[in-house]
Each structure stands twice: as structure tokens, then as C-alpha cells.
Amino acid sequence: MKVMKFGGTSVGTPQRMKEVTALVTKSGEPVFVVLSAMSGTTNSLVEISDYLYKKNPDGANEIINKLEDKYMRNIAELYANEEYRQQTEEFLKDEFNYLRSFTKELFTSFEEKSIVAQGEMMSTNMVVNYMKEQGINAVLLNALDFMRTDKNAEPDPTYIKEKLNAIMEKNAGAQVYITQGFICRNAYGEIDNLQRGGSDYTASLIGAALNAEEIQIWTDIDGMHNNDPRVVDKTQPVHQLHFEEAAELAYFGAKILHPTCVQPAKYAGIPVRLLNTMDPDAEGTTISNATEYGKIKAVAAKDNIIAIKIKSSRMLLATGFLRKVFEIFESYQTPIDMVCTSEVGVSMSIDNSAHLGEIVDELKKYGTVTVDTGMCVVCVVGDLDWSNIGFETRVLDALKNIPVRMISYGGSNYNISFLIKEEDKKRALQSLSDHLFKE
């Protein structure tokens, strides 16, 4: 069985919902479908929550009314059969009345998570009813019945596998199984969400639980590109990536995929394909545990980076110096992207400036601190094992006219990273494309 996940734009209009239905039933084989909320819905639900936090029920009701009107117009367009139109209309009315009930009670983060979860509840109900109208044997499974996180807010794969397989046995024989992405229950039974990766994470967890043949992530672009198409002209989709390569690209700026969301698929050895609902015949990108040897695959960039250098000839060689430095970042929950050391100093980059002032104050106990803002990490990904003679030279040659603040190489077999000024980003990305990908 294949798992197919569709994002908000893929189910953003009644026409798109019809196209998704045609896609998932094309092969005639049983499939498991994960749906996001209709595009724009989650933003509206967050806005409703914001009004309720601010104790402004009138503002919240105004957004609820606008959203309800939009959905009622959508169902009028989606269904031809009066029975399914009325059935869906009644469900949606109950949903919006449920949202209105929050305007009369104390509002906390628990209520907010319940509100935000309703977007996926609405989209899955609309699509499954449309499929039934078309005569398709479709079953709606509530993600809250099997998707759960543990006390560390991480997915609980044992629980998910056990519950989901039991539910699948009870609903054996369906052509399409549909569930909600993103939402779950936490270890205490409260409505929560998966946060990182959202619906992609749901699809990956379900694929691992069912030992799926393949996990397909359908979006509005044809896979991961070999460079940022917003900055560089004539980029091309990368047809094959190792899970590590995909994670590096996702972490360093490829927004199509969250770096952690495919980990369950990686550990289960299940390939993940990134496909385009607007061009379903495009090859897209396949991510698996296979490595294409001897190839540089892609470039990504991450903006708003801060470089911090601490220089201390007195302390650097002292036992525990680096540990003390890293503990400062840990105490302020600030991850480090890159690290470079020398005999008299250590440089690090971060992408979160929330506690920059406190971090710098703490670091000054151990040496002279310099901060550079407005920086950018450029990441080159591929088979970059150190035994591949000359690969790093090709990358460095592309950046020979770009001032480079830091270089990180050797921490991974799949990545070389450079820290440059944001103002040099476009020039750097274009030069890398010209040197690495043009025949």
C-alpha cells in the first residue's frame, strides 16, 4: 500500500479536491491518504485564537463567519448530489458552532490546539464525502484515535503502529483510507499537533507503521530543485536523493520538506517521493537510503544567520573550555549551525537571535567576543566523502570571488557549508550553479 499526503494548496479549492480524488484512485489499488487543511484555513484558525487570547470574541466571531461563508460556497461547488451536499453542510455547521463555543469560555493554549485541529477535520470530511458521492469505497479514520506523542512531545511509534493496524483490520477492504495530517493527542490524551513537518510527519509515521511500499508527498512544485528557484534561473528537479542529503537541504533552506519529518521512513527503509499535483506526470524527487556515488546534487541557502567568534589564547586549550561554551548556548536553547576552531578561537553560527545579548554576555567571561549579523549559510550537498578527490576544490573554485567567513567540511559525508554575507547570496548561488550543474 502507498501513503499519499496532500498539502493545503492541493486541497485548496473544490476543483483541487476533485483532482486529488482522481489522482488517488487512478491506479485502482488501495491507498492511504493524509490531508492537510484547505489553504488559508489554519491561518484563519490561528487568527481566531489570537482574538480569543485578547478577549475579543466579536473579532473572533467575525473571522468565524467569513470562514464559514467560504466553506459553504465551496460545498455548493463540490457536490452534485443533494444528499452529500446536505450531509457535509450539517457537519460544517456543527464545526463552526463548535468554534463559536470557545468565545464564551476561558481560553488557553489547550483550546487553541483544539481550534487549529478543526481545519484538517473539515477538509478530510469534505473529501471523503465527495469520494463516496463518486461511488468510491472510502473510509475516514480519525487521526486522534491512533496518532499520539509521548511525554517528551515526540511521536510514539509503538502506540501508533498498534492502534493503526487494529483500526485498519476493522476497516479492511476499502479502496481509500483518509486521515488528518498534523493533529494528534499527547501523552495525557489532550488534542495536540506534531509541529515539525506537520502533515508530512504524519504521512511518514503512518508509512512506517503500515510498512508501506512508498510514501508520496504531493505539493505544488515538482520535487527538490538543485538550487533555489527564487534566486537562480533555470534550476532543475533532483530526481534522487539520499535521506541524509534531503535532510541537509531541508535544514539549510529547502522549504518543501522539514528535516525531521522523513526520519520514520528512513529508519523503516521506505522511499519517499516528492510529487507535484499541478503536474502529476513529472518525475519529482525520490528520497531513499541509496546513494548516487560521485555526484554533487544540489545547493541550498539559509538566511538571517549570526556568526559569533570567541577568541581566548588563555582559555582555548584548557580542559572543558568548549564544553563551557556549548553549555551557554544550551542553557538558552539556541542551536548551533556551524562550528570552526583554531588554536586561539572558536567561531559558531546561529539562526536564533532571541537570546543573543545574554549569550554574548556569558561568553565574555571566557574571551573576546565578536558578532557578525546579516550572514547566510550556503550548503552544497551530494556524495562529498573525503575520498572523492577534487570535489571540494570544485566548490571552492565557484566561490573564489565571494568573501567566505567560515567553512564546515568533514562533519558529514554529504555536505560542505559556507558562511557568507547575505548580500553575496545571489552571486554565490548563481556561481555554484554555473560551476556544478551546467554541462
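Predicted model: local features only at pLDDT ≥ 70, side-chain atom pairs only at ≥ 80, totals over all residues.

Let us begin with the eight-stranded sheet. It is open, its pairing is mixed, and its strands follow the order β3-β4-β2-β1-β7-β9-β10-β8. At the edges stand β3, residues 138–140, and β8, residues 240–242; each has a single partner strand, so one side of each lacks a neighbour in the sheet. On average, and ignoring direction, neighbouring strands here are turned by 20 degrees against each other. Within the sheet, strand β7, residues 214–219, runs parallel to strand β9, residues 272–276, and five bridges join the two. As one example, Ile-217 has Leu-274 of β9 as its bridge partner.

Which strands does helix α1 lie across? Helix α1, residues 14–25, lies across β1 (2–6), β2 (31–35), β4 (176–180) and β7, and it runs at about 165 degrees to β1. Within helix α1 we find Val-24. Is this residue buried or exposed? Its relative accessibility is 1%, so Val-24 counts as buried. Leaving aside residues up to four places away in sequence, Val-24 touches Met-4, Phe-6, Val-31, Val-33, Met-131 and Val-176.

I turn next to helix α6, residues 118–133. Its 16 residues reach 23 Å from the first C-alpha to the last, which is close to the 22 Å expected at 1.5 Å a residue. Of those 16 residues, 15 are buried, so α6 is largely enclosed by the rest of the structure. After α6 comes Gly-135, which has a positive phi, near 85 degrees.

Two packed helices are described by the angle between their axes and the distance between the axes. For helix α7, residues 157–170, and helix α8, residues 198–210, the axes come within 9 Å and cross at roughly 75 degrees. The two helices are therefore roughly perpendicular. On the α7 side, the contact is made by Ile-160, Lys-161, Leu-164, Asn-165 and Met-168, and on the α8 side by Leu-205, Ile-206, Ala-209 and Leu-210. Sorted by class, this contact has seven nonpolar residues, one polar and one charged.

We come now to the six-stranded sheet. This sheet too is open, with antiparallel pairing and the order β12-β13-β11-β14-β16-β15. Its edge strands, β12 (338–341) and β15 (406–409), each pair on one side only. From one strand to the next, the twist averages 25 degrees.

How many bridges pair β12 with strand β13? Four bridges link β12 to β13, residues 345–350, in the antiparallel sense. Met-338 stands opposite Ser-349 of β13, and Val-339 has Met-348 of β13 as its bridge partner. The two strands form a hairpin, with three residues between them.

Helices accompany this sheet as well. Helix α11, residues 321–331, packs on the sheet and touches β11 (296–311), β12 and β13, and its direction makes about 20 degrees with that of β13. Helix α14, residues 425–436, lies across β11, β14 (368–382) and β16 (415–421), and runs at about 140 degrees to β11.

Thank you for your attention; I welcome your comments.

Notes. Residues numbered from 1 in each chain as written. Heavy atoms only, no water. Axes fitted to C-alpha atoms, helices over the stretch in contact; angles between N-to-C directions. Parallel < 35°, antiparallel > 145°, perpendicular 65-115°, else oblique. Contact = heavy atoms within 4.5 Å. Nonpolar A, V, L, I, M, F, W, Y, C, P; charged D, E, K, R; others polar. Pairing = 2+ DSSP bridges. Expected span 1.5 Å × (residues − 1). Buried < 20%, exposed > 50% of the residue type's maximum accessible area, 1.4 Å probe, protein only.
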